[in-house]
Amino acid sequence: MSATESLRHDELVARARQITTRELQVYMERTAGSQRATDRARKVLPLGVPSSFQAYDPHPIVVRRAQGSWMEDVDGNRYTDYDMGFGALFSGHCHPTLRAAVDAQLDDGTLFVTPCELNADVAELLAARYGLPMWRFTNSGTEATMDAIRVARGITGREKIVKVEGGYHGHHDEVMISMKPPISEAGPADAPTAIPATAGITRAVLADTKVIPYNDPEALERVLRDGDVAAFIVEPVMENIGICMPQRGYLEAVREITRRYGTMLIFDEVKTGITAGWSGATGVLGVQPDLVCLAKSIGGGLPLGAFGGTQECMDQITAGKVLHLGTYNGNPLCMAAAKAVLADICTPETHQEVNERNSRLVAACQTVIDGAGLPAHTVQFGAKGCITWSVEPIRTYRDYKATDFDLAFAQWMHGINRGVLLPPGLDEQWLISVMHTEADAMHYAGVFQEFVDELTA
Ligand SMILES: Cc1ncc(COP(=O)(O)O)c(C=O)c1O
């Protein structure tokens, strides 16, 4: 950064902090009901929330209703929802087709614990999209990645796994390592130290998980050389540090290296599976893994996960070598929702329409950035988009950590007071759903323009 750029950057940060201070005050006033609800909840729920991801200071908004593309909090404030259940609602809130399918299923029961025909219906729909023949259902993305790792260990007879620094794959022990480690403790960028993200991870689990930077095929090869790694689990496009795209040739190299060392390649498509396009990131980017994990948007707002694999991988389950279990697996209610999502709501046509709408939003935000000469850029992947507060695109978790969190936080706080609801962590991105109209989508760009006008005034 030149001296003039650095001066301007300091001015922008100082202005962003002023905006944050003022907007926090406004937030406290307009969400007094959420504050009261959180105070009550904190007496019976740690942090007052059902998942620690939902907690933020001074208190989260507490929601009473959501439909289509909007949510309403307990104070009666309306928001255009761009969070959409951390990306789980590509279909929108309560899409009428999904609602009809769920209503019809309620007449026929919610849990059989013996198969229903919907199981094969949904598995066939997934097989057609993701190019993998065999599927099993879970209740969350966490279970999907946990079970896929177990299958990989079963087929290879190896114990170690590899994940990327900054990658999130759910809340089971093996992957709650180096999720968002402090850089001061994280060791060298090209050979990061594995750091537990929570208490309760045993030393044995820690020793079995190797951590590498994203977008670095040489680092992958280095950790696979000993021939003791069962699986490399990776999001093909990282969507828990904004949106971090694979560099040209990275995924192809990953495919070739994992194959050469007999390591299973697991794509975690919990976020990208539906939102990237009709056949997920696998289809868009054209690299086929051994196992794919799905969740979020396949359930259309109901709790559902799935993992699919090659015949060889999934034969581990058929042969009884790997056990895959679960009372609610493939329950008819979630199956009815998934069938409506996969067969009727997320068609190739709706994917195209939504992606094009999102492209117009992304372009509008980029125009605002360019007009003001801001140290920021936009990224789009399918129906997802984000503004990243750095001039250069990010390639790794370390790049993401170097982006400007003051500017990002001020924009987030400014937006929420104007009905633009984004996920609380600055590592997330927006989702344009099937139910966002053109005006809904563009609401974001209008509020962003207001923010930038004030930031640069
Ligand atoms: C990439 C990725 N994998 C796995 C998960 C875990 O999914 P779930 O929260 O359904 O357990 C998430 C959740 O955000 C995710 O983003």
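Why does threonine 209 count as buried? At 4% relative accessibility, threonine 209 falls in the buried class, where buried denotes under 20% relative accessible area, exposed over 50%, and partly exposed the range in between, with a 1.4 Å probe and protein chains only. The model is a predicted one, in which local features need pLDDT of at least 70 and side-chain atom pairs count only at pLDDT 80 or more, whereas totals for chains, interfaces and linings use all residues. Residues are numbered from 1 along each chain as its sequence is written, and side-chain values use heavy atoms, with hydrogens and water left out.

Threonine 209 belongs to strand E6, which comprises residues 209–212; helices (H or I, at least four residues) and strands (E, at least two) are DSSP runs numbered from the N terminus. A polar atom of the threonine 209 side chain lies 3.2 Å from the backbone oxygen of glutamate 174, and a polar atom of this side chain is also found 3.3 Å from the backbone oxygen of valine 205. When residues up to four places away in sequence are not counted, threonine 209 touches Ile161, Lys163, Glu174, Ile177 and Ala194, contact being defined as heavy atoms within 4.5 Å. Aspartate 208 is located in helix H7 (residues 203–208), and, with neighbours within four places in sequence set aside, aspartate 208 is in contact with Arg153, Glu159, Lys160 and Ile161. The C-alpha atom of aspartate 208 is separated by 38 Å from that of alanine 376, a residue 168 residues apart from it along the chain.

The ligand is surrounded by Ser140, Gly141, Thr142, Tyr168, His169, Gly170, Glu235, Asn240, Asp268, Val270, Lys271 and Lys296, a residue being near a molecule if one of its heavy atoms lies within 4 Å of it. This shell divides into 2 nonpolar, 6 polar and 4 charged residues, with Ala, Val, Leu, Ile, Met, Phe, Trp, Tyr, Cys and Pro taken as nonpolar, Asp, Glu, Lys and Arg as charged, and the others, Gly among them, as polar. Of the 390 Å² of accessible area that the ligand has on its own, the protein covers 86%, as computed by the Shrake-Rupley method with a 1.4 Å probe.

Glutamate 428, in the loop between E13 and strand E14 (430–431), counts as buried because its relative accessibility is 14%. The side chains of glutamate 428 and lysine 271 are joined by a polar contact of 2.7 Å, that is, a pair of N or O atoms within 3.5 Å of which, within protein, one must be able to donate a hydrogen and the other to accept it, residues adjacent in sequence counting only if both atoms are side-chain atoms. Apart from neighbours within four places in sequence, glutamate 428 contacts Phe86, Asn240, Gly242, Lys271, Cys386 and Pro423.

E1 and E2 run antiparallel and are joined by 4 bridges, with arginine 65 having glutamate 72 in E2 as its bridge partner.

Technical notes. Pairing = 2+ DSSP bridges.
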